[in-house]
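The following paragraphs guide a new reader through selected features of one structure. Please keep the model in view while reading.

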Amino acid sequence: MRIRTTATLTAFLAAGLTPLTLPAAAASAAPAKHGDDFNGDGYRDYAYSSFSARGGGGVTVVFGTATGPGSTKQRITQASPGVPGADEADDMFGEVRAAADFDGDGYGDLAVAATGENGFQGAVTILWGSASGLSKGTTLPNKNPGANNYMGADLATGDFNGDGKQDLAVINESMTFVYRGPLKRSGTTGAVTKLDKTTSFYASALISGKVDGDKKTDLAIIGDVVGPEKIASDVWFVKGGASSLTPGKSLRLESESGNGGSSERGGDGVIADFDKDGYGDIAIGTSVHSKHKGRVSVWYGASGGPSRSSRLTQSTSGVAGSPENYDEFGSSVSAGDVNGDGYADLAVGVRDEEIDGKDHAGGVHVFKGRASGLSPTGSQWFARNTPGVPGPLTADDQFGGLVRLRDTNGDGKADLHVSAVDSLRLPGSTGGITTTGASAYDAAPVDSFLE
């Protein structure tokens, strides 16, 4: 899925331009346990987009340790040795990324898009993991070349045919191309499948995960639906399969009259098991809904694919606050088990919430999973004026512009990482997210925490 960056993270980007040499770590003959363990030491690493000398973009990696992000970094641009292309202005190299062990050598690799490459034709480069971190790169074959196609507008990984090898889904000219693994350093791949629903469905975002309970990864494609009298966004379920991907049903996320609305209406999404029934559920935030009040749609998984659905907004009973135009509820979503009860929970950013007269101050809701699914009952609300949250309440902070739930201290409970003018971590606990031990940090920006 797309990983967006924010201007508030620029303070983290002052690393050098050449990759660092790290201590060697032995690789396993088996595929990497974590797709973002780039140096094979058993700890997840943290990749985020950064700047380059000529404005073409880059990727910075913070290497993980037993206690979370470490102090060792690596910086890669298209000017780095062995990386295809050149560091050219507006290439946007690194703004969209997806991690997996694509060649099965025991090291995580990183797929990096450069949507501005070659007249916005776009390109995707695989940066290869090794004992010294990411090293060199291979350009993914472009199966749909053409100016303004923006290859790599979004990426998603998974084993879509269940053969034990990681595949890569790529948006290219509002269509989705699935490259079968293994992806090799020579540039060869397995078969490539094109998914193109209709002429009026324009893919903008990808989510991958296991929805129907089998061993194959499924794909949820978010796209704009444009008609003469309305513009809308849908999520389209595509079932993974041993021989082919099978297109399935769609769910309408939101719509409005007219056809002059904003593009890329469908937003952030994640697949997780919120009701602990063994099937992955699809949660998607559409912040443009109803004059940007925003809402989250949850499409629950079942053996036959997604079935029942529900919606969450700030007008749902039990949810803090009230829906107002341009709140942008659902601007970012993330899933994780914050209290260790085995149910996935959902964090929802409301980046432009006005609080105490401060425009665009922002906040975050946390909804708890349970047997009936996500519920507003017992949900939590966090903003700068929440006791224990570091930092002052200010206008234009956009607290919650990017949210991630991830267990970064190994206690079995996901912590809430929030972007604002700075980045913050609020720990998970048996009672849910807590402000006890909350801290602001500069070690690794929130967008590095890959879903």
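**Rings, charges and a strand pair**

The charged end of Arg308 is placed over the ring of Tyr300, 3.8 Å from the ring's centre. This arrangement belongs to a predicted model. Lys276 likewise lies over the face of Tyr343, at 4.4 Å from the centre of that ring.

Across the whole structure, a search finds 2 aromatic pairs. In one of them, the ring centres of Phe120 and Tyr150 are 5.5 Å apart and the planes stand at 40°, so the pair is tilted. Phe120 belongs to helix α1 (residues 117-120), while Tyr150 lies in the loop between β7 (135-139) and β8 (155-158); the pair thus links distant parts of the chain, 30 residues apart. Phe120 counts as partly exposed because its relative accessibility is 30%, and Tyr150 counts as partly exposed at 35%.

Phe201 and Trp236 form an edge-to-face pair, with 5.8 Å from centre to centre and 80° between the planes. Because Phe201 lies in strand β12 (residues 201-209) and Trp236 in strand β14 (residues 230-239), this pair ties together parts that are 35 residues apart in sequence. Phe201 is buried, at 4% relative accessibility, and Trp236 is buried with a relative accessible area of 5%.

Attention now turns to a pair of strands. Strand β24 (residues 403-406) pairs with strand β25 (residues 415-419) in the antiparallel sense over 4 bridges. Within β25, Asp415 is the bridge partner of Arg406. In a regular strand, side chains alternate between the two faces of the sheet. In β24, Val403 and Leu405 point one way, Arg404 and Arg406 point the other way, and all are buried.

Note on methods:
Residues numbered from 1 in each chain as written. Predicted model: local features only at pLDDT ≥ 70, side-chain atom pairs only at ≥ 80, totals over all residues. Heavy atoms only, no water. Buried < 20%, exposed > 50% of the residue type's maximum accessible area, 1.4 Å probe, protein only. Helix = DSSP H or I, 4+ residues; strand = E, 2+ residues; numbered from the N terminus. Pairing = 2+ DSSP bridges. Phe/Tyr/Trp six-rings, centres within 6.5 Å; stacked < 30°, edge-to-face > 60°. Lys NZ or Arg CZ within 6 Å of the ring centre and 35° of its normal.
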